[in-house]
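You asked for comments on this model before you take it further. My notes follow, as numbered points.

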Amino acid sequence: MTQQQAIVSATVIALLLPFGQKALAQETVPMGTMTATIDGDTYEGQTLDVPSEGTSTAEVRAFGPMMSVSIQALDPALASRLQGVMVVEFSLMGSGGSPAPMTPSISWWPEGMNAAFFQSEEGGAAEVTLDNLSLDDPASATGRFSASLCRKDSFFAEADTDDCKTVEGRFETALRDAS
C-alpha cells in the first residue's frame, strides 16, 4: 500500500465513521451532488455537512502551497450511509488562476468498508477536470471525472486488474475548509 493509499483509506474511515453509528441522529445538511455511470449503472449521491461536528464529506485542506480536495458522496437511497460511497480526491498547487488537479484518485465502496471496493490507484487510471473552483467563503467545486476502478478485496490486498469498472461522472458541491 502506497502512502497516498494509506492516507486515502484513513481519510475515508475518519470522515465516514460518524455516519455509520448513532451519529446518524445528528443533523446533516446536503451540500452538493455527485452523479456517475459505473459500467452502465447509474449512481446518485450527495455530499453532506455535519454542523454539530464541524465536519463534512466535501472538504478542502491547505498545507503550504498545496491544497487537497476530498469529495465523498453518499447514496441517500441506501439504508446504510457506509454503503454506496463514491470518493473523488485530488491535489492542487497554488490558489490563483485555475490550478489543474494533480494525483487524482477515485474509489467506490458499493457494500461499505468491510467488503470489496474499487479504486483507481492500482491498475486503474483517473482524470479530474474542474469546471469551476472557488476558494472564497463559501468554497465550492464543480467538475467531472473518469476512471478505471479495479477491485480490491481489502485495504491491503492487491488490486484485481481483471475486475475493473469504468466510471464517468460529475460533482457540484460546497467545500468545507478543513485546514
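1. Which residue in E11 is the bridge partner of Val60? In this predicted model, the partner of Val60 in E11 is Asp177. The pairing behind it is between strand E4 (residues 58-63) and E11, which run parallel and are joined by two bridges.

2. Strand E11 (residues 160-177) also pairs with strand E1 (residues 29-38), here in antiparallel fashion and through seven bridges. Within this pairing, Gly32 has Thr173 of E11 as its bridge partner.

3. Strand E10 (residues 139-152) runs antiparallel to E11, and 13 bridges join the two. One of the bridge pairs to look at is Ser146 with Glu168 of E11.

4. Gln72 belongs to strand E5 (residues 66-74). Its relative accessible area is 0%, so Gln72 counts as buried, the cut-off being under 20%. The side chain of Gln72 makes a polar contact of 3.3 Å with the side chain of Ser70. Gln72 and Met34 are 38 residues apart along the chain, yet their C-alpha atoms are separated by 8.6 Å.

5. Ser105 sits in strand E7 (residues 102-109). Is Ser105 buried or exposed? Ser105 is buried, because its relative accessible area is 4% and the limit for that label is under 20%. The side chain of Ser105 has a polar contact with the side chain of Glu121, at 2.6 Å.

6. To recap the pairings of E11: E4 runs parallel to E11, whereas E1 and E10 run antiparallel to it.

Note on methods:
Residues numbered from 1 in each chain as written. Predicted model: local features only at pLDDT ≥ 70, side-chain atom pairs only at ≥ 80, totals over all residues. Heavy atoms only, no water. Helix = DSSP H or I, 4+ residues; strand = E, 2+ residues; numbered from the N terminus. Buried < 20%, exposed > 50% of the residue type's maximum accessible area, 1.4 Å probe, protein only. Polar contact = N/O pair within 3.5 Å; in protein donor to acceptor, adjacent residues only side chain to side chain. Pairing = 2+ DSSP bridges.
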